[in-house]
Amino acid sequence: MKIYAHRGCSGTYPENTLAAFRAAAKLPIDGVEIDVQLTKDGKMVVIHDEKINRTTDGKGYVKDKMLDELQSYDCGSWFSDEWSGERIPTLDEVMDVFQDTPHRLNIEIKSDIFPYDGLVDKVINLATKKGMLDRLLISSFNHEDVQKVCLETDLDSAIITSQIYVDIYDYARVIGTNRLHVSLPSAFRKMTTNALQKGAIVYVWTVNSLDYAQELQKIGVHGIFTDYPERMLNELK
């Protein structure tokens, strides 16, 4: 079962920071999950929430702020004083961390609330420029963006869901993918076991308990996203 660092090593470092990604880059895990949004001036930044309130000392929406302003805020001290001074990174900066590693990069397009037109193309263009396109996996709760990836590229892509579907595999095939990123509660439902039997590639988020990880292994899940990749690496392998 593959292990992906969720927002970097986000259990032990402030999430989606260069510190969290540098820690993940040192681990012999399979990949890393990276949340991407667009600034007011069209720059790609790595942050989970649409608002910066939770993980910085600022307030407001990512989409309403220029890159320079966003990077003036502290996004580490909310987690620990040790990480005060961390800044919201650009996707370019995060990709540089993994430039010389074998990790796959799961870019989550955070367009499930705001559409962020053009974000998918910007991600692909940057990965192409850096020679990292073959390591890319694009996912989103916005299944329209996933369908765009399926229709226009040969890249791996996945739908993300926290919902319970009657037949999620057939739904995913309509979009054009066989990859499903499902929430932990829905992973143990009939929809997931049925999808696995039909040939789906299933990853589960967010798995921080060894007991859950072992149960997921038993049912044939292909990978997990975890806030504690170092712990899971030691305990599962």
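Is Y116 buried or exposed in this structure? In this predicted model, Y116 has a relative accessibility of 9% and therefore counts as buried, the cut-off for that class being under 20%. Its backbone deserves a look as well: Y116 is not a glycine, yet its phi is positive, at about 50°. The residue sits in the loop that runs between β4 (104-109) and α4 (119-129).

With a relative accessible area of 3%, N16 is buried. A further backbone feature is found at W205 and T206, which are joined by a cis peptide bond with an omega of about -15°. T206 belongs to the loop between β8 (201-205) and α9 (210-219). For context, most residues other than glycine have a negative phi, and most peptide bonds are trans.

Stepping back to the whole fold, the protein contains 10 helices and 9 strands. Its radius of gyration is 17 Å, close to the 18 Å that the globule rule gives for 237 residues, so the protein is as compact as a globular protein of that length. The C-alpha trace spans about 50 × 40 × 30 Å along the principal axes. Among the 237 residues, 55% count as buried. Of the contacts with a separation of 6 or more, 55% are between residues 24 or more positions apart.

The protein carries 27 positive and 36 negative charges, whose mean positions are 2 Å apart.

Conventions: Residues are numbered from 1 along each chain as its sequence is written. This is a predicted model: local features need pLDDT of at least 70, side-chain atom pairs count only at pLDDT 80 or more; totals for chains, interfaces and linings use all residues. Side-chain values use heavy atoms; hydrogens and water are left out. Helices (H or I, at least four residues) and strands (E, at least two) are DSSP runs, numbered from the N terminus. The radius of gyration is taken over C-alpha atoms; the globule rule is 2.2 Å times the number of residues to the power 0.38. Buried means under 20% relative accessible area, exposed over 50%, partly exposed in between (1.4 Å probe, protein chains only). Contact means heavy atoms within 4.5 Å. Lys and Arg count as positive and Asp and Glu as negative; His and the chain ends are not counted. The place of a charge is taken as NZ of Lys, CZ of Arg, CG of Asp or CD of Glu.
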